Amino acid sequence: LESGVRISDEGETHAINLEKGFDVIASNMSRDHRRGVKKAIQNGVSVRIASSIKDWLDYYQVYEITVNRWGNRLLGEKYSWCLFHDIFRRNSPNVELWLAIYQDKVISGELCFHSKRHFVCWHGASLESYFSIGPRNLLLFEAIKNACEKGYFWFDFNPSAGLKGVKAFKEGFGAEALKCPIVSLKPRNLRTFAIEKVGEKIGEIKKRTKCTLPTPIFKNVFN
């Protein structure tokens with residue numbers, strides 16, 4: 001692997017095996033989760049997939065409000081709008097932004113990626129003031145149902161960063177904890193990359209010729 005890529009075997013995700021069928025999956029959901037779904041429907045919450053740049057902007061605003069609510073509890077860096085805009089403009093058939101709508105307003109969303117058999121929830125955000133009517137419960141309920149209908153084998157909620165409340169929420173849908181590798185890439189600038197490569201070449205020359213080239217010799221080239 002190139003320098004900058006790290007793989008850890010200590011990761012854990014939560015996923016639902018969809019081969020058992022949606023009826024069985026729905027019956028295995030916790031009573032609170034089923035109650036949340038019912039409450040959302042009774043309050044007029046609807047779920048659909050985003051279809052316009054405005055939908056994506058509305059979701060990003062929900063995310064910004066969520067980030068402000070988290071404050072110092074935010075894990076990692078805040079994602080920029082540029083990232084979401086770039087995902088949107090690619091118009092990939094393997095990307096879906098699911099939205100929960102209440103009174104014509106986006107109040108919850110889940111950005112999902114999928115392959116032939118694997119449906120993954122990558123990013124989610126919801127407005128706290130609407131938690132009581134269960135929009136996220138209904139959104140994920142409909143997304144799981146849709147994944148079953150389309151023949152996916154796994155509905156993957158992704159890792160939970162060790163947060164017990166997040167894990168419990170996923171398990172309420174019947175998701176099971178599974179081990180998974182975590183791959184991380186540390187960005188490198190061109191100068192750092194070039195120095196590393198030159199250093200590797202000098203190391204190879206030393207081994208072949210058994211000479212004693214001074215290690216710092218190449219650093220001046222980039223200073």
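I took a salt bridge as a side-chain nitrogen of Lys or Arg within 4 Å of a carboxyl oxygen of Asp or Glu. The model is predicted, so I kept local features at pLDDT of at least 70 and side-chain atom pairs at pLDDT 80 or more, while totals for chains, interfaces and linings use all residues. Numbering runs from 1 along each chain as its sequence is written, and side-chain values use heavy atoms, without hydrogens and water.

Salt bridges. I get ten by this rule. Aspartate 55 pairs with arginine 48, closest N and O atoms 2.9 Å apart. I checked cover next (buried is under 20% relative accessible area, exposed over 50%, partly exposed in between; 1.4 Å probe, protein chains only). Aspartate 55 is buried at 6%; arginine 48 is partly exposed at 35%.

Lysine 167 bridges to glutamate 12, with 3.3 Å between the closest N and O atoms. This pair joins distant parts of the chain, helix 6 and strand 1, 155 residues apart. I read elements as DSSP runs numbered from the N terminus: helices H or I, at least four residues; strands E, at least two. Lysine 167 is partly exposed at 25%, as is glutamate 12 at 32%.

I also found Asp86, Arg89 and Arg90 linked in a salt-bridge network.

Pocket. I used a 1 Å grid over the protein atoms alone; a pocket is an open set of points with protein on both sides within 12 Å along at least five of seven lines, and lining residues have an atom within 4 Å of a point. The largest pocket has 34 lining residues; Trp70, Gly124, Arg136, Leu163 and Val166 lie nearest its centre. Strand 5 gives the largest share, six residues.

Note on methods: On a 1 Å grid over the protein atoms alone, a cavity is a set of points where a 1.4 Å probe fits but cannot get out, and a pocket is an open set with protein on both sides within 12 Å along at least five of seven lines; lining residues have an atom within 4 Å of a point.
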